[in-house]
Amino acid sequence: MQIERNNPGQSAAAGTEFFLPELCLPGALLVLVVLAELLVLVLVLVEPMHPGFDWVRLALISLFVQWIVLLSAALLCGLRPWLARLKPGIAGALGCLLVVAVTLACTGVTDYCQIEGASAADGDIERYLRYSLIALIMSALMLRYFYLQSQWRKQQQAELRARIESLQARIRPHFLFNTLNSIASLVTSDPRKAEQAVLDLSDLFRASLGKPGSLTTWRDELELAKRYLSIEQYRLGERLQLDWDVSAIPDDVPIPQLTLQPLLENALIYGIAPRVEGGVVRVEANYERGVFILRVSNPYEEASLRQASSGTQQALANIGARITALFGPLASLSVERRDGRHFTCLRYPCARLTQEARAI
């Protein structure tokens, strides 16, 4: 099963990200209120200074501007699904016209109620034109800012997808070649096992040839890794012993595809294959407080580590780059050696897929 991550702000109606954010969210409303107050201060400061500051006028202007901002935000939020179906230029123009219309309506309400301080002493036509021009300029600047932010996010997402696809493409040939080498060693010694290994490899690649950069569930990733180990078990036999401690992990914890298998592959190549007596590969996993931790350990000897090629470093750097790209700077991959064992540990914050579904 393939799982794709959805980014906040993605428009379900349009199928692509709409540049206008959800203005009804508390965080967005707070930003709008603060920006409106800054605009009020600017409007007050540009007027001639008098010996006594008129706090009542400041309060009325603030109330007037907040009306316009909050009503415009509410209307844009309600019309967002409809605007998302239009071209960005048309949607932006309609958004500006909507803010101007709200400004004119609020100005008319202040005139009708004769709220002192919210209106200027000059002529009505000039005042309406001035307020409309201010609303048009401010809304155009704000919508332009939202559009540039949207384009920047799209560029980041495109670069991220390209980076992950490149990293994923490096994994597949490496994984295929090592698996074929394992099967080749069985062709002469045990053709029946070699045939079964080819069938396992077919099932393995059918499951692994998914969309690059996609996430899968822990259950599917674990099954994928066990298929790989079944192939290696034919070659290594009793020299390969496995110790699993993963029963506490929920099946729906997200994990990048082909993450566990390369870790197991390194453990077998540099920890089990060089040893005549083989050894135990231990897989431990933990999920607590929204953080997933996976640890793979194997026995090691200094001689085998000195012979390790740069492929190990590349595979680990590959996995580290993928989890950082998908889960942010809090994701990490570390390596340590103690008590005669080599430990590879990765951790990253994530929400269970059922929790994400409930949140949506």
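How many residues has helix 3 (residues 88-113), and how far does helix 3 reach from its first C-alpha to its last? I looked this up first.

I worked on a predicted model, where local features need pLDDT of at least 70, side-chain atom pairs count only at pLDDT 80 or more, and totals for chains, interfaces and linings use all residues. Residues are numbered from 1 along each chain as its sequence is written, and side-chain values use heavy atoms, without hydrogens and water.

Helix 3. I found 26 residues and a reach of 37 Å, close to the 38 Å expected at 1.5 Å a residue. The expected span is 1.5 Å times one less than the number of residues. Helices are DSSP runs (H or I, at least four residues), and strands are too (E, at least two), numbered from the N terminus. I then listed buried residues (under 20% relative accessible area; exposed is over 50%, partly exposed in between; 1.4 Å probe, protein chains only). In helix 3 they include Ala91, Gly92, Cys96 and Thr110.

Helix 6. I checked residues 218-236 next. The 19 residues should span 27 Å, and the end C-alpha atoms are 26 Å apart, which agrees. Among the buried residues of helix 6 are Trp218, Asp220, Glu221 and Leu236. Just after helix 6, Gly237 takes a positive phi of about 60°.

Loops. Which phi has Arg289, positive or negative? Arg289 has a positive phi of about 55°, although it is not a glycine. I placed Arg289 in the loop between strand 4 (279-288) and strand 5 (291-299). Arg289 is exposed, at 81% relative accessible area. Asp339 also has a positive phi of about 55° and is not a glycine. Asp339 sits in the loop between strand 6 (332-338) and strand 7 (341-349). Asp339 is exposed, at 75%.
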